[in-house]
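This briefing sets out computed features of a single protein model, grouped by topic. Please consult the sequence and the 3D structure shown below alongside the text.

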Amino acid sequence: MCFFGITVLVLKTEVIWAELRQPAESPDINTIEVLNLDTAITIALTGNPTIAAAMDRVRQAKARLNQARSTYWPRLDATMSGSRLSLADRVYEEQVIQARFFNPTIDIQDPEDYYRARLFATWVLFNGFERKFQNVAARTGVNQSKTAQREVRRLLLSSVAKTYYTAQLAFENWVIARADANFNQRQFTEAQARQRSGTGSLSDELNFQVRVNAARTQEIRMEQIYESTRYALAAILGIPKARFPSHLKLARLTAETDWDMQPPDPKPLIDYALEHRPGIRRDELNLIQADLTVKIARSDYYPDINFIASVDGERPGDASLEKDDFGNTLGVALSYNLFSGGLRRANVDEAKARVAEKTRLLADTRIQISAQVRSSLTNLIAAQKQLSLQRDNARLVKEQRDLVEKEYQAGQGSLVRLNEAQRDLTATRGRLALALASV
């Protein structure tokens, strides 16, 4: 009667909802009387912190793209400095003698203040296409973050669905345990009446009292599981303090429809999964990134060409720099590494090996996703068959229990047989709820 360990076919919630549903404005949880799965999905997409964190990672990737784009622009830096130069006595005397040899009236100060200002511009004209491929890699990184966000949404919706169905099943088991307790309580009351009138036995009365206590214990346990699952569902939905309002109830399990019981066709579902599952797109983007690392590594075989421009000014003793204190520099610098001990080749080899790795991982992901879909479909087919059998079995066992109860009330049936019939009915109802939740 425990839902944990069940594999639920959630292709609809994992793929279609993840593709088509966009976060809408979350409804006020305090105004909801009955929470259905669609509403739970909407609340989760707007309230779960992991969704917001995934969106933050997308913004980080977009910022990294802007960082990569900035390399196409020149870099402009400005510096200013002030310093005091104090010479050794011997050096100072030598400089004074040399200066006054040419100009006897010159005044040389020691220490002396120096003020400098510089405006320096550099512009990368060419760096072996590294800048180009880094920008492509950054754009791919944005797509990777968006794909990761979709994967987070897919897994979140899967968790919401599974937890929601778990809560529904726990509630059904709670109802079944309560019905069992009520049945035995009715039998206990009737056994008391028969015992007082002298037509019944004390052993029958004690039997039903024991079974009432056992059923009430099971009812308490199922209620505890239901409440715990509600807390888990509230946490996944991002409800503050992980607690639903006391008046909120979950929708009951509904009977299966003809669509639910249709045998699935694996091929279109596998094709859809291979086209839309974020894991496939993630590995495809990882392969693109790996291929870009090869191109970036090969860019080291090209020279770097930079344009350089600067305006420099210096003035001793006074910070008020004037036009005559400035000079300028213009130039183009070319650098090319002639030998690096095999570093460039090793970088290219590493990048190529990464491409091979990502190619194999993509192939493995395709295989695993196909296996997941086939496994889910196998579980679904089994659950459909079990549901059909359990639906018929529950009807038969109910009829049998009612007949045994009538025989016992008429004094023609044994107490043991009634106990067995009631146990069979409770167990069958539990298996029916389990099969329905699985489908």
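The model is a predicted one: local features require pLDDT of at least 70, side-chain atom pairs count only at pLDDT 80 or more, and totals for chains, interfaces and linings use all residues. Residues are numbered from 1 along each chain as its sequence is written, and side-chain values use heavy atoms, with hydrogens and water left out.

**Confidence and overall make-up**

- The mean pLDDT of the protein is 87, and 88% of its residues reach 70 or more; pLDDT is the predictor's confidence in each residue, from 0 to 100.
- Over residues 1-23 the pLDDT is below 50, and this stretch has 61 contacts in the model beyond near neighbours in sequence, a contact being heavy atoms within 4.5 Å.
- Among the contacts in the protein with a separation of 6 or more, 82% are between residues 24 or more positions apart.
- The secondary structure comprises 10 helices and 6 strands, where helices (H or I, at least four residues) and strands (E, at least two) are DSSP runs numbered from the N terminus.
- Of the 439 residues in the protein, 34% are buried; buried means under 20% relative accessible area, exposed over 50%, and partly exposed in between (1.4 Å probe, protein chains only).

- Helix α2 spans residues 37-47, and its buried residues are Leu-37, Ala-40, Ile-41, Thr-42, Ile-43, Ala-44 and Leu-45.
- The N-terminal end of α2 is capped by Asn-36, with a side-chain oxygen 3.3 Å from the backbone nitrogen of Asp-38.
- Leu-156 belongs to helix α5 (residues 130-197) and is buried, with a relative accessible area of 7%.
- Leaving aside residues up to four places away in sequence, Leu-156 touches Ala-44, Asn-48, Ile-51 and Ile-236.
- Leu-156 and Ile-51 are 105 residues apart in sequence, and their C-alpha atoms are 8.4 Å apart in space.

**Salt bridges**

- Side chains of opposite charge can pair when their charged atoms come close.
- A salt bridge is defined here as a side-chain nitrogen of Lys or Arg within 4 Å of a carboxyl oxygen of Asp or Glu, and by this rule the count comes to 23.
- In helix α6 (residues 202-237), Glu-227 and Arg-230 are 3 residues apart, which means that about one helical turn separates them; their side chains meet in a salt bridge (3.7 Å, N to O).
- Glu-227 is partly exposed at 28% relative accessible area, whereas Arg-230 is buried at 8%.
- Lys-398 and Asp-402 lie in helix α9 (residues 343-409), 4 residues apart, or about one turn of the helix, and their side chains form a salt bridge (2.7 Å, N to O).
- The side chain of Asp-402 also meets that of Arg-401 in a salt bridge (3.1 Å, N to O).
- Lys-398 is partly exposed at 30% relative accessible area, as is Asp-402 at 23%, while Arg-401 is buried at 7%.
- A network of salt bridges links Arg-186, Lys-398, Arg-401, Asp-402 and Glu-405.

- Ser-310 is placed in strand β5 (residues 304-316) and is buried, at 5% relative accessibility.
- The side chains of Ser-310 and Asp-312 are joined by a polar contact of 3.1 Å; a polar contact is a pair of N or O atoms within 3.5 Å, and within protein one must be able to donate a hydrogen and the other to accept it, while residues adjacent in sequence count only if both atoms are side-chain atoms.
- Residues up to four places away in sequence aside, Ser-310 touches Arg-118, Leu-119, Phe-120, Gly-327, Asn-328 and Thr-329.
- Phe-326 lies in strand β6 (residues 326-335) and is partly exposed, with a relative accessible area of 37%.

**Surface patch**

- Leu-76, Leu-119, Val-311 and Phe-326 make a nonpolar surface patch of about 350 Å².
- Patches are made of residues with over 30% relative accessible area and no salt bridge; like charges are joined within 9 Å, and nonpolar side chains (Val, Leu, Ile, Met, Phe, Trp, Tyr) within 5 Å.

Key: Accessible areas come from the Shrake-Rupley method with a 1.4 Å probe; for residues, only the protein chains shown count as cover.
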